[in-house]
Amino acid sequence: MRQEWREIVSTGNKEGQFKVYVAKYGIYFLFLLVFILLSVSNKAFFTVNNLLNISKQASIVAIIAMGQTICLISGGMDLSSGSVMALAGVTSAMYGLADGTNMPAAVLTAIGVGMTCGLINGLIVSWGKVPAFIATLGMQQAARGMALLLTNATPVFGLSEQYIFLGSGKISGIPVLVIVMILVMLASAFMLNKTKFGRHIYAIGGNELSAYVSGLNVKRTRLLAYTITGALTGLGGLLLAGRIQSGTPAMAEGYELDAIAGAVIGGVSTSGGIGSVYGAVIGALLMTMVNNGLDLLNVSAYYQQIIKGIIIVLTVFIDVRTKDIKK
Amino acid sequence: MEHRLLEVEGITKSFSGVLALDHVSFDVRPGETHVLMGENGAGKSTLMKIINGIYHADEGMIKLEGKEMKAQSPMDAMEKGISMIHQELNNVLDMSVAENIFLGKEYGRGIFYDRRLMQEKAGEVLKRLDLEISPAVKMRELSVAKRQMVEIAKAVSVNAKIIIMDEPTSAISHKEVEALFGIIGNFKKQGMGIVYISHKMDEIFRIADRITILRDGKSVGTYKAGHLTIDQLIAKMVGRTMENMFPPPIEHEPGEEALRVEGLCCEHVLEDISLNIRKGEILGLAGLMGAGRSELAEALFGMRRIKQGKVWIRGKEREIRRPRDAVKAGLAFVTEDRALSGLNKKTSVKKDMSILTLGRYCRWKQVISGRKENAAVDRGIRTLKIKTGSRNQNVGSLSGGNQQKVIVARWLLGEPDILLMDEPTRGIDVGAKYEIYSIIQKLAAEGKAILMISSEMPELIGLCHRVAVMHEGRIRGELTREEMSQEAIMALAAGMEGDCVNRE
């Protein structure tokens, strides 16, 4: 990214320079703008506690959004995130009860369940050639049903302290959730930008046929992308269960849409091949920050939902309009 | 002073600080074919997009029949009387011919449209052009040439005064070109103006009345077609004199056999194909559209199911079932369609070029070493003289010729032994063609085996050691360098035996 900055700065023309700048980093500008606006308009906003609160709230959505980002870049989409989170949450909660504490098993179960669901999604999409929208919609239904079935539709209570620590604890003042989110961000960014596999994900999402002709293993790459998305979803389910202190089969409903919205606001293309996890995190943070700010300003939840809808469409609208300048 | 249909005056356009067009002017008279020439990146496409309302000019103006015109969109331009036939056709394949012709201006009452009336009207338009195409048939079922004719019909249906054609003959056969020229002739008689973009010299001199040459975003000048020779034209385009269309051959002896194919069959498209290529040899593959040339390359590269037949690579029998196997066996495939199967336009020059060989720049098989990758990409950019701002520029923003070079560079970084090149110079200007020819010759001299598919016969004759000619899925014959002539190739391509055939 730094090199691109330098290039832009070096292209003389001042006005054009500014435009390119805004087009490329628009979402970051918007983020700063909203941040400053909220800080000025409300004293309660710019406090350590509130900022920590926002990042905590945003963390889980951000993790799911990063999973979606990987999936979207590969040219796919995962509508099953919310349900898979619930399934991963309840199954891992069963291993994380206070009597008979087994934390490693709880963590592995959550991630394993997520990966398995992702793998199945991937198999159906890449080998079965079922459109991602349909395949993952099926998983959305099936995983939710499974979560309800396993728990008899009642939440799993009585989680161990370690389990709850994951969702609500702090390490030297920083919420565990935020630490996990940052670790996931660094790892995913590394994978997407610095590894061969990551490049292959961009390549199959950008032009599948070209990738195929170039000898890439398109099916395997796609399968792995879905599996990784599933693993992050499972992790999200674990953290959410820890945060609400129970494995609830009805939890995380609609998370996939928040996550997709976050990714898209952050510049990830729904047609594949374009995007970054940093954008997805900023997108998730932006949405949470707006929610929080509006809460502090006593705006009703109904208005908030309307505003959220407008933000999602508006950012993509602006993004589309500025595409020409980017080129 | 003569009446002018279209006047383009001092058009200037820049993209984020880079000047693409610098005060370009030209005009079109009624009944004239005005050819626009220039190397890739000279600004032809940008200029056409401005006339057509896709871009807006920074400076200058466009006058249609003496009145200033500013098209807001292609649809707007069409309503004002300017229609454009794009190089890459964009018809709706799952709609009927009639629906495509009247797309966006359907006949009907309210929200319903009148299919029968539309088909009737479409039939009239097609008849006027002497086209035997049923208006009810789906576009998907038509050949590329027919689809193009439908585009032209669409232009006629709105009573276009100016028709812009961007490389209309790049995907159609010789016979269809004749039909197209016939239609252009008719348009001229009706007083319409044609703006024609092409790289094919023989065509240009057949149909041009005047020629405007662009170079680096500037107009070099407008000339009467009869006042220019091919050499002068090329010299003006590239800004230097070019002795010859082809680089001098590099003398070398072909080595041992690199590729051998025996009795290859594919359902419906290929029958009993046998051929061999030696190291350092360039084998041309000629034939008309639909003769099965691209299909043969695809079959060799594992993209089509082979029903029968065997393939040997460097003496070893290989079964290639997917491109991955082909790449491993040392094959490379520069495909015919850049946008469809060639480039990932959503990424940078660097990332597109390195995707095939990424493993070589990695530590621990996965972690990319930026230094090694950059070095390789820079080498590619340098050896093929790719014109790009930097390796991080979006590959989709390069001109067609440079995009093609990126694809060739991507394969060359993989150091293949055998290259399959399907129309490697399609849509590329003379200068870039010359460079691609030199690259092909150099590769052959280095001992690579090359299978070159081309529809341009001079190109095959100028470069290839041997030419195999296909007709309806079979190889009709093979010509050695001594036997090669346009007439001999055409005769075989048309499925005729013997040598008594004339081209025209």
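# Notebook: loops, helices and the A–B interface

I started in a loop: A:Asn217 sits between helix H10 (208-213) and H11 of chain A. I kept in mind that this is a predicted model. I looked up the accessibility of A:Asn217 and found a relative accessible area of 17%. The cut-off for buried is under 20%, so A:Asn217 counts as buried. I then checked its side chain. A polar atom there lies 3.2 Å from the backbone nitrogen of A:Arg220.

**The other end of H11(A)**

I moved on to the loop between H11 and H12 of chain A, where I found A:Gln245. Its phi is near 60°, a positive value in a residue that is not glycine. I noted 39% relative accessibility for A:Gln245, which makes it partly exposed.

**Helix H6 of chain A**

Next I took helix H6 (residues 132-151) of chain A and tested its length. At 1.5 Å a residue, its 20 residues should span 28 Å. I get 28 Å between the end C-alpha atoms, so the two agree.

Which residues of H6(A) are buried? I listed A:Ala132, A:Ala135, A:Thr136, A:Met139, A:Gln140, A:Ala143, A:Arg144, A:Ala147 and A:Thr151. These cover an arc of only 160° around the axis, so they fall on the same side of H6(A). On the other side I found A:Gln141 and A:Leu149 exposed.

I also asked what covers the buried residues of H6(A). The cover includes helix H4 (81-95), helix H5 (103-126), helix H11 (218-244) and helix H12 (255-265) of chain A.

**Helix H13 of chain A**

I ran the length test again on helix H13 (residues 277-296) of chain A. Its 20 residues should span 28 Å at 1.5 Å a residue, and its end C-alpha atoms are 28 Å apart, which agrees. Burial came next. I found 16 of the 20 residues of H13(A) buried, so the helix is largely enclosed by the rest of the structure. After H13(A) comes A:Asn298, with a positive phi near 60°.

**Where chain B meets chain A**

I turned to the interface. How many residues of chain B are in contact with chain A? I have 36 residues of chain B in contact with 30 residues of chain A. The size of an interface is often given as the accessible area lost when the parts come together. Here the area buried between chain B and chain A is about 2600 Å², and carbon and sulfur atoms give 56% of it.

I looked for charged pairs across the interface of chain B and chain A, and the rule finds one salt bridge. The side chains of A:Arg199 and B:Glu373 meet in a salt bridge, 2.7 Å from N to O.

I then listed the elements that give two or more residues to the side of chain B that touches chain A. They are helix H10 (323-328), helix H11 (338-342), helix H12 (349-354), strand S20 (367-368) and helix H14 (400-413) of chain B. The largest share of that side, four residues, comes from H11(B).

I picked B:Lys405 in helix H14 of chain B. Is B:Lys405 buried or exposed? I find a relative accessible area of 4%, so B:Lys405 is buried. I set aside its neighbours within four places in sequence and looked at its contacts. B:Lys405 is in contact with B:Leu384, B:Lys385, B:Ile386, B:Glu435 and B:Ile436.

B:Arg379 lies in helix H13 (residues 370-383) of chain B. I have it as partly exposed, with a relative accessible area of 43%. B:Leu413 is 34 residues from B:Arg379 along the chain, and I get 8.9 Å between their C-alpha atoms.

I checked B:Glu167, in the loop between strand S9 (162-166) and helix H6 (174-189) of chain B. B:Glu167 is not a glycine, yet its phi is positive, about 45°. At 8% relative accessibility, I count B:Glu167 as buried.

My last entry is helix H9 (residues 293-300) of chain B, which is mostly covered, with seven of its eight residues buried. I listed them as B:Arg293, B:Ser294, B:Glu295, B:Leu296, B:Ala297, B:Ala299 and B:Leu300. Just after H9(B), I found B:Gly302 with a positive phi of about 80°.

Methods: Residues numbered from 1 in each chain as written. Chains lettered and ligands numbered in written order. Predicted model: local features only at pLDDT ≥ 70, side-chain atom pairs only at ≥ 80, totals over all residues. Heavy atoms only, no water. Expected span 1.5 Å × (residues − 1). Buried < 20%, exposed > 50% of the residue type's maximum accessible area, 1.4 Å probe, protein only. Arc of directions from axis to C-beta. Contact = heavy atoms within 4.5 Å. Buried area = accessible area lost by both parts, 1.4 Å probe. Salt bridge = Lys/Arg side-chain N within 4 Å of Asp/Glu carboxyl O. Polar contact = N/O pair within 3.5 Å; in protein donor to acceptor, adjacent residues only side chain to side chain.
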